[in-house]
Amino acid sequence: MLVIGAGAIGASHVTDSGFWFVKESLGIPMGSMYATYTAGTTIAAVLGLIGTLLLSMFL
């Protein structure tokens, strides 16, 4: 369940409502937002996977 959630975060794209919510709330231009949001969600997905793998060693 944790890995599926982490993978779902990393597959986020422009069609994601979260992308538009953050973009409109912060008023960031499209090009900057796309690069920032993609990098952020990719980092979150990788850290989620690593965290899940580490957690599986102890449980």
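This is a predicted model: local features need pLDDT of at least 70, side-chain atom pairs count only at pLDDT 80 or more; totals for chains, interfaces and linings use all residues.
**Entry 1: the α1/α3 pair**

Next I looked up the hand of the crossing, and α1 passes α3 in a left-handed one.

**Entry 2: who touches whom**

Which residues make this contact? On the α1 side I listed L2, V3, A6, I9 and G10. On the α3 side I found T41, A44, A45, G48, L49, T52 and L55.

I then sorted the contact of α1 with α3 by class: eight residues are nonpolar and four are polar. I looked for charged residues there too, and there are none. Gly goes with the polar class, so G10 and G48 sit in that group alongside T41 and T52.

**Entry 3: the whole chain**

I stepped back to the fold. The secondary structure comes to three helices and zero strands, and reading along the sequence I get the pattern α-α-α.

How does the radius of gyration of the chain stand against that of a compact globule of 59 residues? The globule would have one near 10 Å, whereas the chain has 14 Å. I also boxed the C-alpha atoms along the principal axes, and they fill roughly 45 × 15 × 15 Å.

Last, I checked burial: 17% of the 59 residues of the chain count as buried.

How values were computed. Residues are numbered from 1 along each chain as its sequence is written. Side-chain values use heavy atoms; hydrogens and water are left out. A crossing is left-handed if the near helix is turned anticlockwise from the far one by less than a right angle, and right-handed if clockwise. Helices (H or I, at least four residues) and strands (E, at least two) are DSSP runs, numbered from the N terminus. Contact means heavy atoms within 4.5 Å. The radius of gyration is taken over C-alpha atoms; the globule rule is 2.2 Å times the number of residues to the power 0.38. Buried means under 20% relative accessible area, exposed over 50%, partly exposed in between (1.4 Å probe, protein chains only).
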